[in-house]
Amino acid sequence: MSDNDMSEADCPSLTISGESGFATSTGGCAGSVFRAAFFASRSIMYLIDPVNGEIVDANPAACAFYGYRHEDVQHLPLTAVSLLAQDRILELLANITKAGAVQFTTRHKLKNGQVRDMELDATPITLANGRRCIFFVGHDITARIQAENALRERESLLRAILDSAGEGIGFKDIQHVYREANPAFCAMLGAPCESILGRKSEEFFDPETNAVHLRTDEQVLRSRASVVYEVAYPGENGGRLLSINKTPVVDSEGHCLGVVFINHDITQLRRAEEALRQSEGMLRAIIHSALDTICVMGADECFREANQTFCDLVGFARDEVLGAPLSKVFGPE
């Protein structure tokens, strides 16, 4: 049978079996319309005999997709394209015949051995000659499945990174609602993650601190640029000082979805810097109050520090000594 030789008797009557499996034939013009649509459609279409699981007919799009000639497709067992065993195929066809139209996903193999992910729409129909078949429309969803798998892998990787990060990381939408938060951030707030997600920052911070967070959120959303700022959190041992980096999250269409933030605890850094400043101040006080001549030189043989007694000895002002090389202060040997 060629693409154009399907007879009226072999055409579906376009009647769909209900729960009882009963169908009434309409025949005539409807069958001709179906035949024309069947062979002209770019969608993958084929008819299956639910009793033996053989392909009754397939349109050119199906033949091209699976890699078979049209004359080779007719009476081809469905096991030639399906990864399911014959008994499972017959069970599936029987269930479709009984239940009516269904949609499901499965995997099919092409003649060249490639395996594709398929979404199938299956509908029991009755041909004008009374023969019952199942009409399949197939959609190749391999690319979609691959994209979904890749997305799940990236989400798993992102979750692993978030969960293992020592810094507090989270995401707030444009309504300032927490939609994502890692364990480190939840620990900082002193609450389990499930009690933080879906709530706003105003429920966890005092009004003054929250106002800072909201102001920087709006700045990031408005400017579409990153913002870094510091904020103090009260607590034991003088509380903590955090450096917060906020960055906008923009989708592929340019819509801003919210703000991702990373909290860096810089409390110890600031304390170390303050201790260093105090130490340097004390050292300078000792140097400048000493009656002995004192100077400090760097590896480049330039003066880094000098007290007034030393400056008086060499006959230079202190600002002339600092940064000057040894040869300038004492002259060539």
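Let me start with a lining. The residues around the largest pocket split into six nonpolar, one polar and three charged. Keep in mind that this is a predicted model.

Which residues are they? Glu155, Leu158, Arg159, Leu162, Ile169, Gly170, Phe171, Glu180, Val249 and Val260 line the largest pocket. Two elements give two or more residues each to that lining: α5, residues 142-164, and β7, residues 168-173. Of the elements, α5 gives the most, with four residues. How big is the pocket? Its volume comes to about 150 Å³. As background, rolling a probe the size of a water molecule over the atoms shows where empty space is left.

Now the sheet. Five strands form an open sheet, and the pairing is antiparallel. Read across, the order is β8-β7-β11-β10-β9. So much for the order; what about the edges? Those are β8, residues 178-181, and β9, residues 227-233. Each of these edge strands pairs on one side only. From one strand to the next, the twist averages 25°.

How many bridges join β9 to β10? Seven, and the two strands run antiparallel. Strand β10 spans residues 240-250. For a specific pair, take Val227: its bridge partner in β10 is Lys246.

Next, the core. The largest nonpolar core holds 25 residues. Which have the most contacts inside it? Tyr46, Ile55, Tyr66 and Phe136. Several elements supply at least two residues each: β2 (44-48), β3 (55-58), α2 (60-66), α4 (86-99), β5 (115-127) and β6 (132-140). The largest share is from α2, which puts in four residues. In general terms, nonpolar side chains tend to be buried together in soluble globular proteins.

Where is it? Val220 sits in helix α7, residues 207-223. Is Val220 buried or exposed? It counts as buried because its relative accessible area is 0%, and the cut-off for buried is under 20%. Now set Val220 beside Val259. In sequence, they are 39 residues apart. In space, C-alpha to C-alpha, Val220 and Val259 are 7.3 Å apart.

The pocket takes four lining residues from α5.

Key. Residues are numbered from 1 along each chain as its sequence is written. This is a predicted model: local features need pLDDT of at least 70, side-chain atom pairs count only at pLDDT 80 or more; totals for chains, interfaces and linings use all residues. Side-chain values use heavy atoms; hydrogens and water are left out. On a 1 Å grid over the protein atoms alone, a cavity is a set of points where a 1.4 Å probe fits but cannot get out, and a pocket is an open set with protein on both sides within 12 Å along at least five of seven lines; lining residues have an atom within 4 Å of a point. Grid points are joined across faces, edges and corners, and a volume is the space filled by probe spheres set on the points. Ala, Val, Leu, Ile, Met, Phe, Trp, Tyr, Cys and Pro count as nonpolar, Asp, Glu, Lys and Arg as charged, and the others, Gly among them, as polar. Two strands pair if DSSP finds at least two bridges between them. Axes are lines fitted to C-alpha atoms, for helices over the stretch in contact, and angles run from 0 to 180 degrees between N-to-C directions. A nonpolar core is a set of buried Ala, Val, Leu, Ile, Met, Phe, Trp, Tyr and Cys residues joined through side-chain atoms within 4.5 Å. Buried means under 20% relative accessible area, exposed over 50%, partly exposed in between (1.4 Å probe, protein chains only).
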